[in-house]
Amino acid sequence: TAAFTTPAQFTYGNSGRNILYGPGRVNTDFSLFKEFGAPRSFRLQLRVECFNLFNHSQFDLPNAAIGAANAGTITSFVGTPRQIQFGLKAIF
């Protein structure tokens with residue numbers, strides 16, 4: 001953060017555009033389906049769905065306020081932790 005300073009009022013700085021980037025994101029979703037047949041074309045479908053299966057942390061972008069005490073630090077998360085949902089679907 002020492003390489004950046006706030007430019008004078010009504011002027012632009014000399015840094016290029018989009019030269020900083022934040023941490024990447026990794027998100028793996030997974031689902032399983034199993035259908036059970038029954039007489040007279042009635043079926044049941046059991047569903048298991050996992051979102052963010054491996055529970056990777058999703059960090060937010062660093063604070064971009066030059067001159068602030070926490071400039072350049074990551075202070076929060078984005079996204080959600082692992083979620084698993086079950087469902088039962090009747091098809092007729």
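Predicted model: local features only at pLDDT ≥ 70, side-chain atom pairs only at ≥ 80, totals over all residues.
Residues are numbered from 1 along each chain as its sequence is written, and side-chain values use heavy atoms, with hydrogens and water left out.

Strands here are DSSP runs of E with at least two residues, numbered from the N terminus, and two strands pair if DSSP finds at least two bridges between them. Strand β1 (residues 30-38) runs antiparallel to β2 and is joined to it by 9 bridges; the two form a hairpin with 3 residues between them, and R40 in the turn has a positive phi of about 60°. Along this pairing, F33 stands opposite R47 in β2, and S31 has E49 as its bridge partner in that strand. Strand β2 also pairs with strand β3 (residues 83-91), again in the antiparallel sense, over 9 bridges.

Within β2 lies E49, which is buried, with a relative accessible area of 15% (buried means under 20%, exposed over 50%, and partly exposed in between, using a 1.4 Å probe and protein chains only). The side chain of E49 makes a polar contact with the side chain of R47 at 3.2 Å and another with the side chain of Q85 at 2.4 Å; a polar contact is a pair of N or O atoms within 3.5 Å, where, within protein, one must be able to donate a hydrogen and the other to accept it, and residues adjacent in sequence count only if both atoms are side-chain atoms. Leaving aside residues up to four places away in sequence, E49 touches F30, S31, F33, Q83, I84 and Q85, contact meaning heavy atoms within 4.5 Å.

F51 also lies in strand β2 (residues 42-51), but F51 is partly exposed, with a relative accessible area of 31%. Not counting residues up to four places away in sequence, F51 touches T28, D29, P81, R82, Q83 and Q85.

Key:
Helix = DSSP H or I, 4+ residues; strand = E, 2+ residues; numbered from the N terminus.
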